[in-house]
Amino acid sequence: MNGVIVVTGAARGIGRAIAEKVASTGPITVIGVDIAPELALSEDITPVQVDLTSPDGPSVVRETVQAAGVPLIGLVNNAGITRDARLVNMTDEDFAAVLEVNLGAAYRLSSELAPSMSDGGAIVNIASRAYLGNFGQFNYSMSKGAVVGLTRALALSLAPGIRVNAVAPGLISSEMSLAIPEEIRDKMVAAIPLHRMGTPEEVANTVWWLLTPLSSYITGEVIVVGGGRSLS
Amino acid sequence: MIHWAQGVGEDWAGVLAELTRAFELSRAAAQAEVSFVYVVRQDDLLGRRGAGNAMVAAGLLSAARTAALEGARKGWTANVVAYDEDDDPSSVQTWAQRLLEAGDVTGELVRVGPGHVGKTLA
């Protein structure tokens with residue numbers, strides 16, 4: 001593989017692990033979106049700071065891809081936020097913020113970049129196991145379910161040249177999960193058949209596999225990386 | 001409350017407006033401790049009618065599952081009915097009404113018609 005792969009939300013957590021995984025695997029230029037220049041970890045990662053919810057955000061990323069001078073072969077829509085509350089108490093602002101970042105940014109960036117993506121390219125959308133339902137996350141769950149819908153629609157519309165899949169992480173050791181009170185987190189871990197949180201690197205490995213020809217006959221699917229939690 | 005998802009185009013503003021409308025109706029129902037049902041097209045759950053409609057349908061399904069968890073503590077339910085293009089609307093409405101009245105079924109997707117057979121689980 002040789003070309004450019006764009007990873008959004010690459011400053012930390014799962015996105016950072018994905019960017020590092022991709023950058024470590026060979027002659028691929030990684031464009032990490034949301035990375036401040038001082039956070040760039042490898043010279044193979046080109047940092048771009050841009051608000052993907054702004055009208056011109058996606059075009060800034062496209063221009064950066066074009067400036068790289070090699071084909072666009074992959075896109076990982078990872079940027080995401082949470083604003084949790086029970087439905088009865090959820091504010092208009094918290095609903096809109098989560099939908100704009102988790103869904104709107106992925107949709108607009110995919111629409112901006114897909115026309116210039118090479119045949120054989122791949123898009124991986126980071127959903128969440130919360131798309132199956134999760135207490136106190138009406139907005140987040142809706143946004144991630146919609147990302148699954150987006151994945152299926154793009155898989156159909158961009159076939160046969162480009163494959164589109166989703167990865168749905170469960171409880172992963174990251175800033176987002178470490179913000180959960182320890183007592184609650186311990187109960188969540190106890191309900192996971194593999195008895196631990198996943199690591200960002202384990203998610204990155206699955207994303208990498210979906211980006212490569214190793215998964216060349218898979219499109220429109222959702223792979224849950226959750227330690228078996230969907231069964232327990 | 002029975003909410004029929006409206007068709008949207010490929011414009012993000014339209015998608016967000018439709019999801020926001022569902023959120024506002026659902027929040028009002030939850031605050032009143034009233035059960036609700038979303039009605040979507042099976043085609044849209046599979047992504048066959050474009051990204052906009054797919055995002056709305058799949059987003060509503062996930063939202064209903066989360067709402068079901070919250071409503072279970074208060075005695076109200078949240079479910080989804082998916083239908084095929086050729087289905088009789090009155091049959092779809094009947095299933096939605098049944099789910100509203102059932103009380104002990106929640107977080108469920110009921111698919112009217114055979115269009116889902118052999119397709120991916122939503």
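Here are some exercises on a two-chain predicted model, each with a worked solution.

Before you start: residues are numbered from 1 along each chain as its sequence is written, and chains are lettered from A and ligands numbered from 1 in the order in which they are written. Since the model is predicted, local features need pLDDT of at least 70 and side-chain atom pairs count only at pLDDT 80 or more, while totals for chains, interfaces and linings use all residues.

**Exercise 1. Work out the strand order of the sheet in chain A, and find which strands stand at the edges.**

Step 1. Helices (H or I, at least four residues) and strands (E, at least two) are DSSP runs, numbered from the N terminus. Two strands pair if DSSP finds at least two bridges between them.

Step 2. Walk across the sheet. In chain A, 7 strands make an open sheet with parallel pairing, and the order is E3-E2-E1-E4-E5-E6-E7.

Step 3. Look at the ends. E3 (45-48) and E7 (222-225) of chain A are the edge strands; each has a single partner, so one side of each lacks a neighbour in the sheet. From one strand to the next, the twist averages 20 degrees.

Step 4. Check some pairs. E2 (residues 28-33) of chain A pairs with E3(A) in the parallel sense over 4 bridges, and there A:Val30 sits opposite A:Ile45. E4(A) and E5(A) are also parallel, over 5 bridges, with A:Leu75 opposite A:Ile123 in E5(A).

Step 5. See how enclosed E5(A) is. A residue is buried if 20 or more other C-beta atoms lie within 10 Å of its own, exposed if 12 or fewer, and partly exposed in between, with C-beta atoms placed from the backbone. In strand E5 (residues 117-126) of chain A, 7 of the 10 residues are buried, so the strand is largely enclosed by the rest of the structure.

**Exercise 2. Describe helix H2(A): its span, and which of its residues are buried or exposed.**

Step 1. Take the span. H2(A) has 12 residues and reaches 17 Å from first C-alpha to last, close to the 16 Å expected at 1.5 Å a residue (the expected span is 1.5 Å times one less than the number of residues).

Step 2. Pick out the buried side. A:Pro58, A:Val61 and A:Val65 are the buried residues of H2(A). They cover an arc of only 60 degrees around the axis, which puts them on the same side of H2(A) (the arc is that of the directions from the helix axis to the C-beta atoms).

Step 3. Turn to the other face. A:Glu63, A:Gln66 and A:Ala67 are exposed, on the face turned away from the buried side of H2(A).

Step 4. Ask what the buried residues pack against. Their partners are E1, E2, E3, E4 and helix H3 (92-113) of chain A, where contact means that C-beta atoms, placed from the backbone, lie within 7 Å.

Step 5. Finish at the end of the helix. Just after H2(A), A:Gly69 has a positive phi of about 75 degrees.

**Exercise 3. Find where A:Thr219 and A:Asn165 are placed, and whether each is buried or exposed.**

Step 1. A:Thr219 is in the loop between helix H7 (200-211) and E7 of chain A, while A:Asn165 is in strand E6 (residues 163-169) of chain A.

Step 2. Count neighbours. A:Thr219 has 21 C-beta neighbours inside 10 Å, so it counts as buried. A:Asn165 has 25 inside 10 Å, so A:Asn165 counts as buried.

Step 3. Jump along the chain. A:Thr219 and A:Val164 are 55 residues apart along the chain, yet their C-alpha atoms are separated by 5.3 Å. A:Asn165 and A:Ile223 are 58 residues apart in sequence and 8.0 Å apart, C-alpha to C-alpha.

Step 4. List contacts, leaving aside residues up to four places away in sequence. A:Thr219 touches residues including A:Ala155, A:Arg163 and A:Asn165. Among the contacts of A:Asn165 are A:Val124, A:Leu210 and A:Thr219.

**Exercise 4. Work out how many residues each chain gives to the contact, and which helix of chain B gives the most.**

Step 1. Count. Chain B puts in 29 residues and chain A 32 residues.

Step 2. Find the top contributor. On the side of chain B that touches chain A, H3(B) gives the most, with 15 residues.

Terms used: Axes fitted to C-alpha atoms, helices over the stretch in contact; angles between N-to-C directions. Contact = placed C-beta atoms within 7 Å.
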